[in-house]
Structure formats: C-alpha cells, structure tokens
Amino acid sequence: VLVLIAVFYNIWKIFRNEQEIIDYSNSAEQYAQLKSKFLAGMSHEIRTPLNSVIGFSEQLSLEELPPHQKEQVAAIRKSSEMILDLVNEILDFSKYETGKMNFESAPFMLNQAITEVYQTMSIHAMKKGIELEISSSVDDNVCAEGDKVRLKQVLMNLTGNAIKFTRQGKVTIQAKVETALPNDFILKITVIDTGIGIEKADLPHVFDEFSQVAEAQKATRHKGTGLGLAICKKIIELQGGNITVTSAPGQGSAFSFELPLKQLAEGTCSTESAIN
Ligand code: ADP
C-alpha cells in the first residue's frame with residue numbers, strides 16, 4: 001500500500017510540475033508534448049516498484065510453499081509482468097512521439113536473432129497448443145549491422161499477436177533477404193497465422209495508435225493497449241522500411257515487414273555480438 005501511495009504521489013507531482021510549465025493557451029502540439037511527458041514520467045514511476053514486485057515474487061516462487069500459495073505467487077508474477085509490458089509499451093510510444101527514440105547500430109548474426117525470437121515464442125505457442133513454425137532462407141553466416149533489439153521487438157510483437165489471435169492451427173515465421181546494393185540488403189519477414197483474421201474495414205486502422213478491433217476483443221477477451229502495431233510501424237519506418245498486412249476474416253492474417261540492413265563480411269560478427 002505504501003509503495004502504491006508513493007507511486008501515485010510521484011505521478012501527481014509530475015503532473016503538477018508539467019501543469020506549471022505549460023501555458024494552456026498554447027497549441028495542440030504543446031498539449032501533445034505535455035501528454036507524452038506525463039506518460040513517460042508515469043511509466044518510469046510505475047516501473048521501479050513493479051520490478052521489485054516481480055523480483056520478490058520470483059524469489060518467493062523458489063520457496064517451499066503450499067500448492068495454493070505457489071499458484072497465488074505465480075498469479076502475482078504473471079499480472080505484474082503484464083502491467084510491466086503495458087507500461088513499457090506506453091513508455092516506448094511516448095519516446096517515439098517526442099522524437100527521443102534512438103536506434104543502435106551494431107553487428108549481429110541475422111538468423112540467430114530470428115531464431116531467438118522463435119525459441120521464446122515457441123513456449124507461448126506450445127502453452128496454447130498452437131504450432132509455431134519457422135521457414136528461413138537466411139544463411140546462418142549472414143552478419144548484419146543494425147538494431148538487433150528493435151528487430152526482435154517487432155518480430156516478437158507480430159508473432160505474439162499471431163499466437164494471441166489464433167485459437168487453433170499454426171503460426172509461421174518466414175524470413176528471407178534480398179540484395180539491394182553491394183553492401184546493403186533488405187530483410188523480409190512475414191508472420192502468417194490461421195487465426196480469427198481482420199475485417200476489410202478494420203485493416204487500414206490496425207497500425208493506428210490505441211486501435212483495437214472490437215471483434216478481436218470479443219473473441220479473445222484480450223486486453224492490450226492497441227499500441228503494439230503502432231510502435232512496430234514506427235520502428236520499421238524510422239529505419240527506412242515498411243510494414244503491411246493482408247487478412248481474411250475467419251482464415252487468418254499475414255503481417256510482413258521489409259527492413260534495410262547493412263551487410264557485413266562473414267566473420268565480422270564476433271562471438272560476443274552473436275550472443276547479445
Ligand atoms: P494490442 O495487441 O495491444 O491490442 P496491437 O497494436 O498489437 O495492440 O494490435 C491492434 C489490434 O489489431 C489488436 O487489438 C487486434 O484487434 C488486431 N490484430 C493484431 N494482430 C492481429 C492478428 N494476427 N490477427 C487478428 N487481429 C490482429
């Protein structure tokens with residue numbers, strides 16, 4: 001309770017400070033800045049105590065506990081992780097809005113990045129009884145230069161959505177590279193699912209911020225922010241790529257993105273960069 005009071009007190013302080021600085025007679029742009037600053041501040045304040053809750057529930061789960069208490073600790077951890085995901089999405093989004101999102105550029109093994117996402121998401125798919133398949137024609141030795149973390153974030157998001165909105169069947173991650181210039185290539189990834197699909201009228205809006213398809217919400221009782229795809233779109237477009245979707249209601253969807261990356265000579269990716 002004390003932690004919660006402290007969090008809300010800090011959020012209130014942030015809001016008060018912003019109110020003092022901003023003159024409300026000013027433009028919509030300033031209002032948007034205020035909103036973003038407030039969201040960023042709020043997200044920071046919530047993240048710190050939330051990480052303690054997750055850390056302590058992790059420790060507790062290792063203790064000898066009666067089965068019903070084990071379940072309760074697992075529920076605390078799962079819910080806290082869900083809130084952390086939502087808060088991180090809001091924080092990420094406010095970074096984009098205020099132009100504070102930077103991209104790293106470092107060498108990394110391309111196929112390894114894709115495989116890491118596949119391995120993480122396989123666990124989620126398995127829990128739901130969905131088959132997760134990977135079909136990559138990218139050579140294992142391909143060494144790329146770009147932002148591996150952001151690439152994995154986009155792929156994780158698309159694959160996570162595909163699993164979320166599929167009741168049965170399978171999700172496939174297809175990956176290939178196309179040469180663009182002597183030292184550049186374009187990575188093309190498509191995530192295909194056999195899920196609930198998206199109505200034609202809703203398709204143009206799925207990449208809009210805070211947009212969620214009403215039918216999907218009813219079908220999955222899923223609670224999200226509606227920010228995931230908007231963030232993916234920004235990550236890809238800010239790096240000179242594009243992201244698209246095709247879908248048939250009741251049959252499934254296919255989300256594709258093309259991302260330009262620098263191609264490095266084989267062997268440039270050190271073992272260390274291959275691990276990170
Ligand atoms: P969130 O997952 O937080 O709701 P997203 O931006 O990731 O937000 O997705 C926006 C909406 O697009 C989802 O709420 C859902 O209605 C729809 N959507 C996204 N991916 C899929 C998919 N693979 N199949 C069906 N609907 C999808």
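Student: Why is Ser 57 called buried?

Tutor: Ser 57 has a relative accessible area of 4%, and buried means under 20%, against over 50% for exposed and in between for partly exposed (1.4 Å probe, protein chains only); therefore Ser 57 counts as buried. The model is predicted, so local features need pLDDT of at least 70 and side-chain atom pairs pLDDT 80 or more, while totals for chains, interfaces and linings use all residues. Residues are numbered from 1 along each chain as its sequence is written, and side-chain values use heavy atoms, without hydrogens or water.

Student: Which residues is Ser 57 in contact with, leaving aside neighbours within four places in sequence?

Tutor: They are Val 73, Ile 76 and Arg 77, where contact means heavy atoms within 4.5 Å.

Student: Where is Ser 57 found?

Tutor: Ser 57 lies in helix 2; a helix here is a DSSP run of H or I with at least four residues, numbered from the N terminus.

Student: What span does helix 2 reach, and what is expected?

Tutor: From first C-alpha to last, helix 2 (residues 28-61) covers 48 Å, close to the expected 50 Å. The expected span is 1.5 Å times one less than the number of residues, and helix 2 has 34 residues.

Student: What kink does helix 2 have, and where?

Tutor: At Arg 47, shortly before Pro 49, there is a kink of about 25°. The bend is the angle between axes fitted to the seven residues ending at a residue and the seven starting there.

Student: Which other residues of helix 2 are buried?

Tutor: Among them are Leu 34, Leu 39, Pro 49 and Ile 54.

Conventions:
Helices (H or I, at least four residues) and strands (E, at least two) are DSSP runs, numbered from the N terminus.
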